[in-house]
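Here are some notes to read alongside the structure, taken point by point. Please keep the sequence at hand as you go through them.

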Amino acid sequence: MNRENKRKQYAKGYYKTHANNDSFTCKVCGRPVMPNGAGTEQRNHCPNCLSSLHVDNEPGDRQANCGGIMDPVAVWVRKGGEWAIIHRCRRCGALSSNRIAADDNPMKLMSIAMKPVADPPFPLDKIEEMTALMAGDGQLKL
């Protein structure tokens, strides 16, 4: 089978209205990924390492020609409190948002969420100095 015919071809937007029941092997960690257990009809990332592939231009369209690995770089909270993962493509730099799944690795999610706190963009030993500048005398004013 040649490469062009390897990927199943569906009408544009097919996965927006149909469940994706395909299993796959994660390109990053090598673990098999099954659609069941996700708590959703669309399994679009590995529950172990949270990586994905750049296959969509718009959610569910499967029209992206890039095919690059999408690394999980951040999490954000949607309206209503639902968490989502921000992925960035290694090949083209595109960003996308994906809902977390019920079976996603909670430690990996928390490590991504805590990364900005654990590695702030300023030296931690400067916090006291910055607090003093903000409050005027180093004391927190209420």
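Predicted model: local features only at pLDDT ≥ 70, side-chain atom pairs only at ≥ 80, totals over all residues.

1. Met 130 belongs to helix α4, which covers residues 127–135, and with a relative accessibility of 32% Met 130 counts as partly exposed.

2. How many disulfides does a search of the whole structure find? The search finds zero, and Cys 46 is accordingly in no disulfide, with the sulfur of Cys 29, its nearest cysteine sulfur, 3.6 Å away.

3. Is Cys 49 buried or exposed? Cys 49 is buried, as its relative accessible area is 12%, and Cys 46 is likewise buried, with a value of 1%.

4. Ser 51 sits in the loop that runs between strand β2 (32–33) and strand β3 (52–53). Although Ser 51 is in a loop, its relative accessibility is 6%, so Ser 51 counts as buried.

5. Which residues does Ser 51 touch, if those up to four places away in sequence are not counted? The contacts of Ser 51 are Val 28, His 45, Cys 46, Met 70, Asp 71, Pro 72 and His 87, and one of these, Cys 46, is the buried cysteine discussed above.

Key. Residues numbered from 1 in each chain as written. Heavy atoms only, no water. Disulfide = S-S within 2.5 Å. Buried < 20%, exposed > 50% of the residue type's maximum accessible area, 1.4 Å probe, protein only. Helix = DSSP H or I, 4+ residues; strand = E, 2+ residues; numbered from the N terminus. Contact = heavy atoms within 4.5 Å.
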